[in-house]
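Let's walk through this model together, one region at a time. Keep the viewer open beside the text and turn to each part as it comes up.

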Amino acid sequence: MTPADPHASKPLRADARRNRARVLEAAENVFAAKGTGAPTEEVARVAGVGIGTVFRHFPTKEALLEAVLYARLSRFVEEAETAVAAESADPGSAFFTFLTSWIEMSSAKNAYFEALTAAGVTVPVAESGIGARLVAALGVLLSRAQEAGAVRKDLVVGELIPVVIGVARAAEYAGPDATLRDRAVAILFDGLRASAGERR
């Protein structure tokens, strides 16, 4: 179980759980479409609940942003662990597919972090267990890709993470320019691939 969203720690009745899930889903959709500055009233409208219901579960806008962020990160880590459990017949493809998903997810994640930081909220993701699970899954995917000869053997997880974060920032900077984003990702992937001498 993920010790993620701190606002989900208290047991809720079935109807309250459904309302909370509807608010979270609506918030994610609204913030994705209109940015993290979108009003909470818009989230309530999309969720089909009253504003009082939103504030009953999330007393502040920051609490709602934090909960959505944790939900996104939790899903992403679960995807990584699913990729590990699947034991793909093509470890190289599994590894690069995961990195692509990470880069695509990072833009939205950064927007939440920035909004929370601007409001003076610190989000200890690394301490929540999510960070450790992500590193563990990434380590397995990297090791398998290296053993398959798809990724350079001198690469370690500690080096990979800041490189991917940097490229994610570059992709975010590219904005709507899909060609530039794809080019930045392609350059990263070329640098990660095994040389001809390392391939089987």
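**A walk through the helices**

Thr40 has a relative accessible area of 7% and is buried, where buried means under 20% relative accessible area, exposed over 50% and partly exposed in between, with a 1.4 Å probe and protein chains only. You will find Thr40 in helix α2, residues 40-47. Setting aside neighbours within four places in sequence, Thr40 is in contact with Ile51, Val54, Phe55, Lys61 and Leu64; contact here means heavy atoms within 4.5 Å.

A word on the ground rules before going further. This is a predicted model, in which local features need pLDDT of at least 70 and side-chain atom pairs count only at pLDDT 80 or more, while totals for chains, interfaces and linings use all residues. Residues are numbered from 1 along each chain as its sequence is written, and side-chain values use heavy atoms, with hydrogens and water left out.

Now the overall picture. The chain holds eight helices and zero strands, where helices (H or I, at least four residues) and strands (E, at least two) are DSSP runs numbered from the N terminus. Read from the N terminus on, the elements run α-α-α-α-α-α-α-α. Of the 200 residues in the chain, 41% are buried. Among contacts between residues at least 6 apart in sequence, 74% join residues at least 24 apart.

Next, follow helix α4, which covers residues 61-86. Its 26 residues reach 38 Å from first C-alpha to last, close to the 38 Å expected at 1.5 Å a residue; the expected span is 1.5 Å times one less than the number of residues. Within helix α4 sits Arg72, which counts as buried because its relative accessible area is 19%. Not counting residues up to four places away in sequence, Arg72 touches Glu28, Ala108 and Tyr112.

What follows α4? The next residue is Glu87, found in the loop between α4 and α5. Phi of Glu87 is near 45 degrees, a positive value in a residue other than glycine. Most residues other than glycine have a negative phi. Glu87 counts as exposed because its relative accessibility is 56%.

From here, move to helix α8, residues 178-192. Which residues of α8 are buried? They are Ala184, Val185, Leu188, Phe189 and Leu192. These residues cover an arc of only 130 degrees around the axis, so they lie on the same side of α8; the arc is that of the directions from the helix axis to the C-beta atoms. On the other side of α8, Thr179, Arg183 and Asp190 are exposed. The buried residues of α8 pack against α5 (91-118) and α7 (157-174). At the N-terminal end, Asp177 caps α8, with a side-chain oxygen 3.3 Å from the backbone nitrogen of Thr179.

With 7% relative accessibility, Phe189 counts as buried. Not counting residues up to four places away in sequence, Phe189 touches Phe96, Leu99 and Thr100. The C-alpha atoms of Phe189 and Val151 are separated by 9.1 Å, and the two residues are 38 apart along the chain.

That brings us to the aromatic rings. Rings of Phe, Tyr and Trp (its six-membered ring) pair if their centres lie within 6.5 Å; planes under 30 degrees apart count as stacked, over 60 as edge-to-face and the rest as tilted. By this rule there are six aromatic pairs. Phe95 and Phe96 have ring centres 5.2 Å apart and planes at 70 degrees, so this pair is edge-to-face. Phe96 and Phe189 form a tilted pair, with 4.8 Å centre to centre and 50 degrees between the planes. Because Phe96 lies in helix α5 and Phe189 in helix α8, the pair ties together parts that are 93 residues apart in sequence. Phe95 counts as buried because its relative accessibility is 0%, and Phe96 is buried with a relative accessible area of 8%.

Arg193 lies over the face of Phe96, at 4.4 Å from the ring centre; a charge sits over a ring if NZ of Lys or CZ of Arg is within 6 Å of the ring centre and within 35 degrees of the ring normal. Finally, Phe76, Phe98 and Trp102 form one aromatic cluster.

Technical notes
Polar contact = N/O pair within 3.5 Å; in protein donor to acceptor, adjacent residues only side chain to side chain.
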